[in-house]
Amino acid sequence: MGSSEGLGASSKPSTQAPPKQYGVTKPISMAGPTVLDLKKTQQLEKFLADSGLYESKEEASKREEVLQRLEQIVKSWVKQLTRLKGYTDQMVEDANAAIVTFGSYRLGVHGPGADLDTLCIGPSYVNREEDFFYTLHDILANVDEVTELQPVPDAHVPVMKFKFHGISIDLLYASISCLIVPHELDISDVSVLHNVDEPTVRSLNGCRVADQILKLVPNVEYFRTTLRCLKFWAKRRGVYSNVTGFLGGVNWALLVARVCQLYPNAVPSMLVSRFFRVYTQWRWPNPVMLCPIEENELGFSVWDPRRNPRDRTHLMPIITPAYPCMNSSYNVSTSTLRVMMEQFEYGNRISGDIELNKVCWSALFEPYIFFEGYKNFLQIDIVAADVDDLRAWKGWVESRLRQLTLMIERDTFGKLQCHPYPQEYIDASRQCAHSAFFMGLQRKQGEAVQEGQQFDIRGTVEEFRHSVNMYMFWKPGMDIHVSHVRRRQIPCYAFPDGYKRTRPSKSAQLENPSKSFHENEISGSELGERNSKRKHDDRVKQDVKLKRHSPSRPLESSTKGNLCLGACDMPVDSVSDCQVSKNVESVNLSNSVQDELDRRMSPEAQTGSASNSSVVTSISSDGGSPEDIRSVSVAGYAEDNTRAVEATTNCRFEDTTYRADSVKLGNHNILTCGNNEVLQDGLQTQLEPNAMSGMFLDSKESFHTEAMQKSAIRHVQVQQLLFFRAYLFLFCFYAVFSAFICNRRLSLTSTA
């Protein structure tokens, strides 16, 4: 039954305009919220407020004061340069510079302690290389309120980082083609891009993209609440970091804005659940776009995989809406995409439980327990002589860690998966300034085992070392160490309470079969799948040969314990029996029993084998090739994904790894990168040569000492046989030669 108003309207031709379409496709649903949705939105907003995601009025006022003070400094700087460059007094008086914001502050989703992303816009005669990074740098260095000043001129977007009154600021510079910067500059106008270089375009686009996002979403407040929620979720789950190959602030803003376009009438509680529903089904590398890609006569390159071969290699394209449209997520690798898809699945599962009132909002934001997700890790230790040197050195190394992930993927043909964790760890017990990062390692799952195939990343790490050594501002004391550690060797400072969490024993797990959220989130597979693998342990096997070294003396606390790389991709809970010998550990164990053994081992046992190299036999399978998208229109991508989400079909993102035959993973006990092999003045622990011992791991994940001993004995026997044959050959040769000499002498004597 309709209302009389509705019946009357149906009898007349409709003059009402159709609803506005946001984005490149029609919305999936125009449905509005129910009473329950509004209640859940209130609960979500209360949770975000209780979590401290909103800054106070005092902090907001302090930010405004800092911006005003910074604008005064840059205006004075431009006037000073105008005078020094010989311009007239009138030009000096009219000289101007502008400070504009971008990022989370411009979008209105910043929180307490967040960085303040700012852009300084100056006239054409003030350049970036000398005037900004030298003259303005010196001016800021003499300002009492400025601390931790760090220029990064060689970044993709050149930036100057510092703190002003305790507020972290990232300051960019853009020199536009005007002698005088207008006081009311419209930065969204494409005319500001005339006669500027590529770094300037990238610097200006931060502000232009933020403005476009706010224009392209149906409801700005709903967008802000949803984005604030999902940024908090991404940080808790360890997938918020553009520099390490995950997604940064602008990437998350674009993803959320697209969901807002697909559900224009939804409230934040609905948008959060739809976010996970959409992106667990999104078929990457189809791009996420808020508007059609715009072409312009200015001639800047835009994202277009049909024309640009490089764009075809992007795995998770998220396209910016302002001209020139670019892929904002080019840093994403195969490994980081896998991790994010796993976390989207986790979020989709928990948000579904929230809709069914099974759990509350806090369950969605459970922190990701990184060190329980893998059994093998790369530990990257960064050290410097003091805190200031470490800040610059760490920023450079951190920007190169993404390259290490890509190198490992490249050299192992995608068979060895890396999970770089963006959190920084600090060992306060060290005398030198220290910072550490970790990468989880595992074999690509679901591949058949082929004997004799091995990974070798020694050359990969050496190449990474050379790239790190290219740092232009290197100083004595700056060094980096890359070492392989097993889970039990993770240092205590990496845990929030300063000590390692004890893992529950198998008996305790049997007594309490209920699952926690942490059990469900372990990377790679879920516990239910692992139980199935125990029942079918003939499905996935792995051959690993490990060369274990024994140190000639114990290492100091800064170096790792047993660095032997075990089955980096084995399921965490596959079970068999175990035993340990005194000289060469011979272990027949699965990972859950290994964990129980690790928990019971003494500290001496945990650190007794401090140095080794490792060889891991890999598994090969037919890997998919990258999707050929040359003949597909960009608009077709979005429509295809929208239809897929609307039909709620379960979509699988394409495997973009390459086919490989055999690779070998070897990892020295600690690989030293940097210009000094040994740090001076006690900044590095001296490493001594290591005696070699070995053990073998067969496809059933069991160690065999007998195989090693038989191989050694056979090797000695072959050596002895070769030596005997050589000796016999020399003896026979000597006898024949002696007989020849004797006969020659007798013939000469008879002739005489």
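Which helix holds both R391 and D388, and how many residues apart are they? Both lie in helix α12 (residues 387-411), three residues apart, about one turn of the helix. This is a predicted model, in which local features need pLDDT of at least 70, side-chain atom pairs count only at pLDDT 80 or more, and totals for chains, interfaces and linings use all residues. Residues are numbered from 1 along each chain as its sequence is written, and side-chain values use heavy atoms, with hydrogens and water left out.

**Overall build**

- The chain has 20 helices and 16 strands. Helices (H or I, at least four residues) and strands (E, at least two) are DSSP runs, numbered from the N terminus.
- Of the 752 residues in the chain, 51% are buried. Buried means under 20% relative accessible area, exposed over 50%, and partly exposed in between (1.4 Å probe, protein chains only).
- Take the contacts (heavy atoms within 4.5 Å) between residues at least 6 apart in sequence: 76% of them join residues at least 24 apart.

**Surface**

- The accessible surface of the chain is about 36,000 Å², and carbon and sulfur atoms account for 53% of it. Areas come from the Shrake-Rupley method with a 1.4 Å probe; for residues, only the protein chains shown count as cover.
- L721, F723, F724, Y727, L728 and F731 make a nonpolar surface patch of about 700 Å². Patch residues have over 30% relative accessible area and no salt bridge; like charges are joined within 9 Å, nonpolar side chains (Val, Leu, Ile, Met, Phe, Trp, Tyr) within 5 Å.
- Y727 sits in helix α20 (residues 705-751). Y727 counts as exposed because its relative accessibility is 53%.

**Salt bridges**

- The structure holds 23 salt bridges. Each is a side-chain nitrogen of Lys or Arg within 4 Å of a carboxyl oxygen of Asp or Glu.
- K163 and E148 form one, at 4.0 Å from N to O. K163 is in strand β4 (residues 159-164) and E148 in strand β3 (residues 146-152), so the pair ties together parts 15 residues apart in sequence. K163 is partly exposed at 27% relative accessibility, and E148 is partly exposed at 36%.
- R391 pairs with D388, their closest N and O atoms being 3.1 Å apart. D388 is exposed, at 51% relative accessibility.
- A network of salt bridges links E148, K163, D388 and R391.
- E462 and R465 also meet in a salt bridge, at 2.0 Å from N to O. Both lie in helix α13 (residues 458-468), three residues apart. E462 is partly exposed at 34% relative accessible area, whereas R465 is buried at 13%.
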